[in-house]
Amino acid sequence: MLPRGRPRALGAAALLLLLLLLGFLLFGGDLGCERREPGGRAGAPGCFPGPLMPRVPPDGRLRRAAALDGDPGAGPGDHNRSDCGPQPPPPPKCELLHVAIVCAGHNSSRDVITLVKSMLFYRKNPLHLHLVTDAVARNILETLFHTWMVPAVRVSFYHADQLKPQVSWIPNKHYSGLYGLMKLVLPSALPAELARVIVLDTDVTFASDISELWALFAHFSDTQAIGLVENQSDWYLGNLWKNHRPWPALGRGFNTGVILLRLDRLRQAGWEQMWRLTARRELLSLPATSLADQDIFNAVIKEHPGLVQRLPCVWNVQLSDHTLAERCYSEASDLKVIHWNSPKKLRVKNKHVEFFRNFYLTFLEYDGNLLRRELFVCPSQPPPGAEQLQQALAQLDEEDPCFEFRQQQLTVHRVHVTFLPHEPPPPRPHDVTLVAQLSMDRLQMLEALCRHWPGPMSLALYLTDAEAQQFLHFVEASPVLAARQDVAYHVVYREGPLYPVNQLRNVALAQALTPYVFLSDIDFLPAYSLYDYLRASIEQLGLGSWRKAALVVPAFETLRYRFSFPHSKVELLALLDAGTLYTFRYHEWPRGHAPTDYARWREAQAPYRVQWAADYEPYVVVPRDCPRYDPRFVGFGWNKVAHIVELDAQEYELLVLPEAFTIHLPHAPSLDISRFRSSPTYRDCLQALKDEFHQDLSRHHGAAALKYLPALQQPQSPARG
């Protein structure tokens, strides 16, 4: 949902104060915009005041500040100037800024989101993101930006696979692989009418308004086409270790994590032929690139130094293993971009790394919903669907007792599909994906579920940005979960007071990749043999090919936190007879599963058909293209029941499987169940949703929907669990 009201603005202000406080605590409270000359003497003001302004006391072991300015007499590699020079004019108000990023895979996609958060936090201009992605990253980021609905942000995608042939001939030892070379082909890959672009690595974080970086294009001479910050290590000097032989570079060389490109000038200069000829020549004597595109950029600049415009060091503070970045930030009044350019990323060794890490983590865990703010001084085309959404929200009556239900139904949640690395299952004609949803308080169920279900799973998790990182660490720390690449986790970011249970189910269902799905809940453990049994049953029953059916998996429950899970139907019946197991909701809501006919199931040797009845909510296996869940049902009550009604209305047979079972484990009641039980208003609102559901059912199915009217008019019992 798009943001409204003051609390989100206050959240942004709180983050700003936090960043200032971090700098104050770590760097001795000197957050003023002044420059210290050699010897520690305070110089005249004249720096750019910025949100992140760390000050490191001068260290006698560091070379003097003159070694970091643009003085040609300072010696090779001494061209990293501070940000205290003449300030360029800001870009025209509301000018559209173009940013290009190469991104591939699941992990890189998460990095891009943190980078974009930092840009959005400080930006005052509209942005157009040009994303060169593989299929995985495109699926993730396209869904994310579509559901994020950030005003004044356009996103264009470019197929990385189409660019691979242009760079695949270059041997590259860098961990980024072919994708690390693709910045070389941006002048030809991006639209011909695009003249200027900022190019960023995925591992950079902004600490300032990106328009200030864009403004540095004004410093380019008529021949300069590439803006870069000097490399903040001795890599290109060739003295890091014995027999170290880097690619040629101008002095200390340049880092390509942040680039300003005049695309128009590069095209006119014959950039493609230029870099190809240089790379081919150098590869005659060098085995491969070590730093991907950066090596080739530097070799070209060595040969054509007039192409480069040196940028102030604060626009690319590099935290590599051998970094000399302290020479920059010890003299700067504020930092603009932090670059985690070590393979170790946040684990890099640096005496000030805790400050930089905390800054990065602030954006990593920052609530992205707060960044949906409009640029009021820059009118722009609203994101797709945003106008209709605002109109629908405006029509809501805040005095309506069911206002929060109505508002939650209209909420558009940010969705990050395949949050963790995922390997799609190989295509099999009768394969089944377990589909479920959960929140943070059910994470402990995941390991047991993985032990019980060896097949693919699609799980939607309802989390905050901070909880998403806790979930990431939880999976990484679990050998059971970390070993499962066939479990797809989809994060739906939390917003609103009610649990959007059916929206979560629909996200997980939409991302399932097998022909069939087992629609379950996270607090159920399936029989150990269920995955294989379901696949065999689907084939034997001809499900999908000629028979429209939903296979019912009988549900049971235990009230004990520890019990011996049955390995067969015989063992389950023994536990049922001993009172260790019960049919699901036997004590609280037996009608929810009574039509399964458990007495018949005890003796059944073959699947049998049952009829729909009021409030029936079994767990079923259906084709992947089955009807979606009705998203109006939020919180507790009727969310699964409505789905079974829709299946019955669309004439799905209900077939109970004789050897299948799943068992519910005990847990504390959710907040929504507690509210349902204690609040008559909550139950009245649920009844209103049921009435509206039947009206829609009648419109879609005509007189056939009359069958369901008595069930819909039954009052909800507060005892129901």
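Student: Is Glu692 buried, partly exposed or exposed?
Tutor: Glu692 is partly exposed, because its relative accessible area is 25%. Buried means under 20% relative accessible area, exposed over 50%, and partly exposed in between (1.4 Å probe, protein chains only). Bear in mind that this is a predicted model, where local features need pLDDT of at least 70, side-chain atom pairs count only at pLDDT 80 or more, and totals for chains, interfaces and linings use all residues. Residues are numbered from 1 along each chain as its sequence is written, and side-chain values use heavy atoms, with hydrogens and water left out.
Student: Which side chain does Glu692 meet in a salt bridge?
Tutor: That of Arg406, at 2.7 Å, N to O. A salt bridge is a side-chain nitrogen of Lys or Arg within 4 Å of a carboxyl oxygen of Asp or Glu. This pair links distant parts of the chain, with Arg406 in helix 13 (residues 403-410) and Glu692 in helix 23 (residues 680-701), 286 residues apart. Helices here are DSSP runs (H or I, at least four residues), numbered from the N terminus.
Student: How many salt bridges turn up in the whole structure?
Tutor: The search finds 40.
Student: What does Arg699 pair with?
Tutor: Asp696, with the closest N and O atoms 2.1 Å apart. Arg699 counts as exposed, at 60% relative accessibility.
Student: Which residues are linked in a network of salt bridges?
Tutor: Lys117, Asp367, Arg414 and Asp465.

Methods: Helices (H or I, at least four residues) and strands (E, at least two) are DSSP runs, numbered from the N terminus.
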